[in-house]
Amino acid sequence: MLGSLSEFTLAQLLQFFALAERSGTVTVSALDRQSRLFVESDRIVGWGIDKFDARDSLAACELMPAAATAAIESVRPRIDTPGLSFVVRNLIEPDRWDAYAQRQLEQDVYPLLSVDDGEFNVEIHRGPPAPLRLSIPINSLILDGSRWESEMEAAKLDGFRLNDKWRRLCLDAPNRSVTLSSSEWLVWATLAAPASIADVARRICVPDLTAIGNVRRLLSMGLIERAD
């Protein structure tokens, strides 16, 4: 079924799936991008357009442990395993995988949930394996999208815009008394040269909101400064 987002938004289409307890895919073209969600009854079970490959996109992440990168690159895709997300997710730390999967939703699903300018294509069928496998209740996805939108706006008003550039205050590693999370270490390491929050998040494959939170904390600890 083809239609316009001016008639039904992506959020409404997903709710129809949940109410009808049907399985299929919803493909949306809007905001100069295309996104496809795989649905089974009241759950999102996957995401990804045909050309998306989790293996390739993970291999492109910077500051990935060498052993994990080698393991990912050794995996060979087959026609019946698009994206290989069920394989590669076991080759990296759970926290890093969760951040990576969340970033895909943040970039290509949340911004489209309430857009009313674009097109959609709904197919009711038992779909093939999704390029990126997920398991999220539809209502949770919609609520998370709404929360993401409000938090991004709040960060912007607080002065943490995605295009703002930051840099380290010191190139030496923080002393041992400083406790940083793994993603905070990655952000700090990436800021050896001035970079925007959006660029840092893209390079290390974490959600923009996570990168914003890391920058806030690193700033509060006196480890970075604005580079604009």
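Author: A residue is called buried under 20% relative accessible area, exposed over 50% and partly exposed in between, with a 1.4 Å probe and protein chains only. The model is predicted, so local features need pLDDT of at least 70 and side-chain atom pairs count only at pLDDT 80 or more, while totals for chains, interfaces and linings use all residues. Residues are numbered from 1 along each chain as its sequence is written, and side-chain values use heavy atoms, with hydrogens and water left out.

Reader: What is the relative accessible area of glutamate 93?

Author: The side chain of glutamate 93 meets that of arginine 96 in a salt bridge of 3.4 Å, N to O, where a salt bridge is a side-chain nitrogen of Lys or Arg within 4 Å of a carboxyl oxygen of Asp or Glu. Arginine 96 counts as buried at 16% relative accessibility, whereas glutamate 93 is partly exposed, with a relative accessible area of 38%.

Reader: How many residues apart in sequence are the parts that arginine 203 and glutamate 62 tie together?

Author: The side chains of arginine 203 and glutamate 62 meet in a salt bridge of 3.1 Å, N to O. Arginine 203 lies in helix H8 (residues 197–204) and glutamate 62 in the loop between helix H2 (54–59) and helix H3 (66–74), so the separation in sequence of the parts tied together is 141 residues. Here helices are DSSP runs (H or I, at least four residues) and strands likewise (E, at least two), numbered from the N terminus.

Reader: Which residues are linked with Glu62 in a network of salt bridges?

Author: Aspartate 199 also meets arginine 203, in a salt bridge of 3.7 Å, N to O, and these two are four residues apart in helix H8, separated by about one helical turn. Glutamate 62 is partly exposed at 33% relative accessibility, as is aspartate 199 at 25%. The residues that the network links with Glu62 are Asp199, Arg202 and Arg203.

Reader: Over what arc around the axis of H1 do its buried residues lie?

Author: In helix H1 (residues 10–20), the buried residues are Leu10, Ala11, Leu13, Leu14 and Phe17. They lie on the same side of H1, because the arc they cover around the axis, taken from the directions from the helix axis to the C-beta atoms, is only 165 degrees.

Reader: Which helix is included in what covers the buried residues of H1?

Author: The cover, judged by contact (heavy atoms within 4.5 Å), includes strand S2 (23–30), strand S3 (33–40), strand S4 (43–47) and strand S5 (119–124). Also included in this cover is helix H6 (138–157).
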